[in-house]
Amino acid sequence: MNHYVRGPLLPPPRGPLSAAVAAYLRGAGPLPDPADAGAADPYGDDLQLALYLCYELHYRGFAGVPPETEWDPGLLRVRAALEHRFGAALRADTPVHDTLDDALAALLVEPAEGTGVTHFLSAEGELWHLREYAALRSLYHLKEADPHAWVLPRLWGRAKAAMAAVEYDEFGGGRADRVHARLFADLMTDLGLDTAYGRHLDAAPAEMLAVVNLMSLFGLHRDLRGALVGHFAEVEITSSPGSRRLAEAMRRTGAGPAAEFFYDEHVEADAVHEQVVRHEVIGGLLDEEPELAPDVAFGIDATEYLEDRLARRLLDAWRAGRSSLRTPLDSPVRTAPESLVGAPVEQGAPHTS
């Protein structure tokens with residue numbers, strides 16, 4: 001009997017790459033040929049899900065998958081090929097600012113008439129829009145700040161101290177009930193969503209997977225530490241005004257106190273974090289390694305590029321009155337494979353609210 005039951009269930013595949021990776025993780029088939037990644041759509045469902053499966057082994061893993069699979073040499077070769085395809089496409093497609101100062105300056109300007117997702121949700125979003133948005137963002141927010149923690153061993157001095165201070169806040173400042181991932185789960189409860197880790201993976205389109213995969217790509221590679229810092233700067237600088245609009249949307253629709261509180265908390269916290277990240281994390285990093293400035297700019301701009309792709313997916317669907325999700329939000333929970341039935345399942349495995 002397979003006793004590796006912690007973590008969410010493996011999701012259904014979305015193509016040959018993700019099917020082969022999932023089968024290998026179940027012990028039911030060979031890995032794909034790494035060369036096959038070169039012909040895949042770098043932003044498509046198949047490659048993005050295959051990459052997500054590889055990355056998730058470094059977080060909570062999957063039910064039925066032995067923990068040591070995290071460092072399986074063959075799987076790492078496949079992951080490297082998927083990363084190369086994704087990373088090369090980002091380098092080719094991302095509009096990058098000429099300088100880091102230009103990239104940061106663009107983030108600090110709020111357009112007079114915004115047209116993004118948070119503007120839509122604030123002005124006209126309904127509860128079903130907010131539920132979809134929360135379900136998609138749960139792929140990150142239920143492990144909020146975890147991908148960024150990978151960079152800490154790769155920093156030192158001012159940058160490390162400042163990054164650690166921001167992460168400490170993200171992880172609740174020593175209080176389990178204030179961990180931001182916990183606060184997001186409370187928000188989901190207010191919205192009537194299943195809070196199980198990984199529960200909404202099936203529903204998430206490739207555009208959402210790419211946003212989350214980018215964090216892991218940057219975080220798990222030491223040579224991309226500058227890009228990770230840039231990504232983190234983009235998140236923190238844009239979070240406060242966006243969170244204010246989302247808090248307004250939660251209040252206007254009567255989503256609930258925990259839903260309001262999550263974004264109210266981020267309005268205040270991230271206004272402070274933005275200053276720390278710009279002046280201490282980026283400033284400290286570039287004092288030590290000024291040659292990383294272009295990487296920091298790339299991290300900012302690649303994040304913006306993928307967030308813009310996700311925004312187009314959501315807004316095109318919502319303005320047409322359609323769901324933005326791949327599968328219905330309240331579809332039945334998949335049951336565990338027979339090999340796992342009867343084994344003790346960790347709290348947090350898929351369940352219904």
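Which helix do Glu83 and Arg79 both lie in, and how many residues apart are they? Both belong to helix α3, four residues apart, or about one turn of the helix. Here helices are DSSP runs (H or I, at least four residues), numbered from the N terminus.

## The model and its confidence

This is a predicted model, in which local features need pLDDT of at least 70 and side-chain atom pairs count only at pLDDT 80 or more, while totals for chains, interfaces and linings use all residues. Residues are numbered from 1 along each chain as its sequence is written, and side-chain values use heavy atoms, with hydrogens and water left out.

The chain has a mean pLDDT (the predictor's confidence in each residue, from 0 to 100) of 91, and 91% of its residues reach 70 or more. Please take care with residues 338–353, where pLDDT stays under 50; the model has 35 contacts (heavy atoms within 4.5 Å) beyond four places in sequence for them.

## Two domains and their interface

The domain assignment, from an automatic or database source, gives domain 1 (16–92) and domain 2 (98–320). Their C-alpha centres lie 24 Å apart, and 17 residues of domain 1 are in contact with 25 residues of domain 2.

About 2,000 Å² is buried between the two domains, with carbon and sulfur atoms giving 63% of that area. Buried area is the accessible area (1.4 Å probe) that two parts lose on being put together, summed over both. In domain 1, Tyr43, Tyr52 and Tyr59 lose the most area to domain 2, together 33% of what that side buries.

## Salt bridges

Side chains of opposite charge can pair when their charged atoms come close. A salt bridge here is a side-chain nitrogen of Lys or Arg within 4 Å of a carboxyl oxygen of Asp or Glu, and the whole structure has 16 of them. Returning to the opening pair, Glu83 forms a salt bridge with Arg79, their closest N and O atoms being 3.2 Å apart.

Across the interface of domain 1 and domain 2 the rule finds one salt bridge. Elsewhere in the list of pairs, Glu56 forms a salt bridge with Lys143, with the closest N and O atoms 3.0 Å apart.

## Elements facing domain 2

On the side of domain 1 that touches domain 2, the elements giving two or more residues are α2 (45–56) and α3 (73–93). The largest share, seven residues, comes from α2.
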